[in-house]
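Here's a quick tour of two spots in this model. Have the viewer open and follow along.

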Amino acid sequence: MTKDTNSSNYKDTLNLPQTDFPMKGNLATSEPQRMEKWQSQDIYQKMLQENGQKGLFVLPDGPPYANGSIHIGHVLNKVLKDIVIKYKNMSGYQAAFIPGWDCHGLPIELKVTKKLGGKRQEMTDAQVRELCRKEALHWVDHQRAQFQRLGILAEWDQPYLTLNPDYEAEEVRVLAKIFSRGFLYRGEKPVNWCPTLQTALAAAEVEYQDHKSPSIYVKFPLQTATGDLQRALDQAGLSLAAVSLVIWTTTPWTLPANVAIALSPQADYGFYRLGDEILVIAEELKDSVAKECGLEGEEGLSTPLVRLKGQQLEGAKALHPFMKRDSQVVLGDHVTLETGTGAVHTAPGHGLDDYHVGLKYSLPVLSPVDPAGRFTDEVPMWKGLKIWDANPKIVEHLRQSGHLLGFKELVHSYPHNPRSKTPLIFRSTPQWFIRMDELGKESLRQMALQAAESEIEFVPQWGAQRLQAMLSNSPDWCLSRQRVWGVPIPVFYCANCGEPLVSEMVMNRVADKMESTGQGIEAYHSLDVKEFVEDQTCGSCGHREFQRGKDILDVWFDSGVCHSAVQKKRKGLSSPADIYLEGSDQHRGWFQTSLLSSLAAHGELPFKALITHGFVNDAKGYKMSKSQGNAVDPAEVIQKSGAEILRLWVAYEDYGQDVNVGDEIFQRITDTYRRLRNTLRFMLGNLADFDPAQDQVAYENMRPLDQWALHQLNGLVTKSTKAYDAYDFYKVYHALNNFFTVDLSATYLDILKDRLYTWKKDGAARRSAQTAVYLILRDVCSLMAPILSFLAEETYEHTPGEKKASVLLEPFPQPLAQRERRDLEEKFSLLLDVRSQTSKKLEELRQKKVIGSSLDAQIVVTADKASYTVLNEYRENLREFFIVSHVELREGSELSIEALRAEGEKCPRCWHYSPNLNQNSPWPGVCPKCVEALS
């Protein structure tokens, strides 16, 4: 058949891209289809079944709290875990992911109580617990659907819930083990106490907020002197009756419990005259005290009349300013000279440092404050008054009595209950603790610090210092809570004398009943006490009747024993885990409570490594909150842009520090996604007529450009694998983005278009290009699958050739030695440099309107000998490589490029210029290359 020279007819002979892969992702609608496929074909289980050659990889899920919709921080956390799990499975490990939920605790109980309102008083505790259980399960189902929508594969139908009877029972068994190893004890000492909710809190539950407090300086008149003090006063001609120690406090309500004043042993304390009085203040702090109390003009405060070390005052006694008791002068290492007066008001019932000093000096532990935060009858002047209301009355009383030296109001960081948003107090009450320090043998603190220093790996490394700091400063872990919704501390109390019965055997008996009956914590509350204590007698009075304790366990203990309740029990998991992965707040939370409970119960680590991610802030770096109006709702992002954009955002930044999110960032991420999608679509379109089983070209027969592209792919695989292994997912993101943008779109695929579109359809050169494109496509699908699971799956579905049920079942790519071509890399480095310089010359012609397309040009390349040798080796490919119609190569002294308007006529089929267009049928008017392609 004879063709005319009309270019539109020749257009039909081009090998233009064809694919059903859509240009637009329509992710809000297409992603659920992929999810349905994964679920209906059980891809998660297949992923586990097909892997395991390298053994187990264990990543337990730090359980989110079942109390509301997920937020953007949940997205960061769960997607990071999903990336790890998918990568490890594709790499040959069996990496199960058992999602979990934290289901007990105060927030759920508060929400239920709030809903009940006044009806709460009419309901039994058992009824409230049942409502709490339903509330938690509702949010488990709600969050599960939200997490699944993110493309996260897991054992969603078999999660672990801390309210399951088997979990609750294991929690009690761990407690029994901790008791048997000597770490559990009952003590009466100050703990964080919430007067609003009337319960103790552990340090991990506390958050700090600004709070306004009275800042007061109070005089404590000395009553008795030490030998050194009396001698110094005598030598100076001063009377003890005129001398007062000055203390500073921001909690006037704790003054009724004061029994001592603590000094720094080696600090210098000056005795300063103020009128008829002598004030004792640490010399380093004298100026700041004078400023705060408005005494800067007082001449007597300039020079001390007497100077003594703190240790020379130990044993002296002062008179309490309004309680009928002495206040003993003691020494404490906790006393610093940063703020205050150097003399610390000491109330062992209301402060942990005070408590420890009190133990050393056998001081009484007074705590005249009831659970609701009101003064008891031990403070007759203000009995029944809330401590916050008593503060101004105490200040006024001190002013009237002449004991107040200075007063201001101070806004400072103060502990609050994050649930009730109300300030906490330190209050001494009987509680159950895990002991951190023990004399005479290795303590729990020492074991934990040793592990953090030398046994645990940290990503990023700063996590080590953070965990060590938390462990160094952690008080004994207060386990008990005075609430309803939680796992009971199975301790029974003598009905006659109140002595607690603490027994490993009894605890295990309770755990067995909880599990065997399937009732969980309700078994403890409903069964007869005799079923647990049997024939036990009180160790104090011999009585046989016991009452069940009402304290429940700290909810952090619930999640913390995942190592025993999940890792050691669930198929596909083990202990220690390979990694725990959570936010930076978990160094004082789940990381720490898991470590401490495992060491205390089993003497072993629950994990080998800790991976820490930062918090999510808004685009300006500010903390997100609904009240600020800067929170990002994941559901809205998914509805608008798709979950894939959230997944790509997770990998976009270095999660090891705080990450930002906002419209501009999402737009940047979306642009990247579109660039990747468009490139993948182009590659798929050029494989429409390619059958890998028949059309693949052997590597050694491929054209150099295609071999170079596979060499670059090798580098991407190596770089990505290294980044995945190091959990540096942002490096995977940037490696993929750079490969798609620079190596593929701007270079390889740009050069390849002419060969793919216009060369002989089944010719070796075009098949070589298609082979390379196919191999690149297969590998990049797998490389990006852990992060861009939806896009990788969609691309994989459209890729020709034999495939598995999902891209997630493909093995992770490995760099191939055959493709590692350093010789090509060096040569193509020169070619790309010349190409870059050529592009600049062509742009100059384009600006002058000499040419439009680069094919309108021809170039003359003059090169030095070394460069000429390389260029000459690829002389036949240079026209394709530079995308011009003709290349003339000359040898000279240095590299130079000249760009000219191409000579000859334009081929209507490929648009290259040629001086000898074919004039013979059946293909008149086309260039020799096209004649060959069409023959």
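## What H2 packs against

In this predicted model, the buried residues of helix H2 have several helical partners: H3 (43-49), H6 (125-149), H20 (634-641), H21 (643-652), H22 (663-685) and H27 (789-798). Which residues of H2 are buried? They are Leu27, Ser30, Glu31, Arg34, Met35, Lys37 and Trp38. These residues sit on the same side of H2, because the arc they cover around the axis is only 160°.

H2 spans residues 27-40, so 14 residues by the helix assignment. From first C-alpha to last, H2 reaches 19 Å, close to the 20 Å expected at 1.5 Å a residue. Just after H2 comes Asp42, with a positive phi of about 50°.

## Over at Asp864

Next stop is a loop residue. Asp864 lies between strand E28 (857-863) and helix H29 (865-873). Is Asp864 buried, partly exposed or exposed? Its relative accessibility is 23%, so Asp864 counts as partly exposed; the buried class would need a value under 20%.

Conventions
Residues are numbered from 1 along each chain as its sequence is written. This is a predicted model: local features need pLDDT of at least 70, side-chain atom pairs count only at pLDDT 80 or more; totals for chains, interfaces and linings use all residues. Side-chain values use heavy atoms; hydrogens and water are left out. Helices (H or I, at least four residues) and strands (E, at least two) are DSSP runs, numbered from the N terminus. The expected span of a helix is 1.5 Å times one less than its number of residues. Buried means under 20% relative accessible area, exposed over 50%, partly exposed in between (1.4 Å probe, protein chains only). The arc is that of the directions from the helix axis to the C-beta atoms. Contact means heavy atoms within 4.5 Å.
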